[in-house]
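I opened my notebook to get to know a new structure, one look-up at a time. Here is what I wrote down along the way.

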Amino acid sequence: MWLWSLLALAALAGLVWLVVRLPGVGSATPGTARRILDERYARGEIDEDDYRRRRAGLS
C-alpha cells in the first residue's frame with residue numbers, strides 16, 4: 001500500500017514540475033518580454049520612441 005502512495009506522490013510531483021516548465025506558464029521572463037516587444041514593434045503596433053522607452057524599462 002505504501003508503494004502506491006509513493007508512486008502517486010511521485011506522479012503528482014512530476015505533473016507539477018511539467019506544468020511549471022511549460023512555456024507561457026508563470027511570469028514572463030525578460031527574454032520573453034523583449035521578444036514580445038520586438039514583435040509589437042515589427043508589426044507596427046508601437047512607434048520607435050515607445051519601443052525604445054519600453055526596452056529601456058526592461059533593462
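Predicted model: local features only at pLDDT ≥ 70, side-chain atom pairs only at ≥ 80, totals over all residues.

**Notebook: a look around the model**

I began with burial: of the 59 residues in the protein, 7% are buried.

Next I looked up the secondary structure, and I found three helices and zero strands. Reading along the sequence, I noted the pattern α-α-α.

Then I turned to the surface. The protein exposes about 5200 Å², and carbon and sulfur atoms supply 64% of that area.

I also looked for a nonpolar patch on the surface. Which residues form it? I listed Leu9, Leu12, Leu15, Val16, Trp17, Leu18, Val19, Val20 and Leu22, which together have about 880 Å² of accessible area. I picked out Leu9 from this list and located it in helix H1, residues 2–21. Is Leu9 buried or exposed? Its relative accessibility is 55%, so Leu9 counts as exposed, since the cut-off for exposed is over 50%.

My last stop was the aromatic rings, where I found one aromatic pair. Tyr41 and Tyr51 form this pair, with 4.5 Å centre to centre and 25 degrees between the planes. I wrote down "stacked" because planes under 30 degrees apart count as stacked. The pair links distant parts of the chain: Tyr41 sits in helix H2 (residues 30–43) and Tyr51 in helix H3 (residues 48–58), ten residues apart.

How exposed are the two partners? Tyr41 is partly exposed, with a relative accessible area of 34%. Tyr51 has a relative accessible area of 10%, so I noted Tyr51 as buried, the cut-off for buried being under 20%.

Technical notes:
Residues numbered from 1 in each chain as written. Heavy atoms only, no water. Helix = DSSP H or I, 4+ residues; strand = E, 2+ residues; numbered from the N terminus. Buried < 20%, exposed > 50% of the residue type's maximum accessible area, 1.4 Å probe, protein only. Areas by Shrake-Rupley, 256 points an atom, 1.4 Å probe, with all protein chains shown as cover. Phe/Tyr/Trp six-rings, centres within 6.5 Å; stacked < 30°, edge-to-face > 60°. Patch = residues over 30% accessible without salt bridge, like charges linked within 9 Å, V, L, I, M, F, W, Y side chains within 5 Å. Salt bridge = Lys/Arg side-chain N within 4 Å of Asp/Glu carboxyl O.
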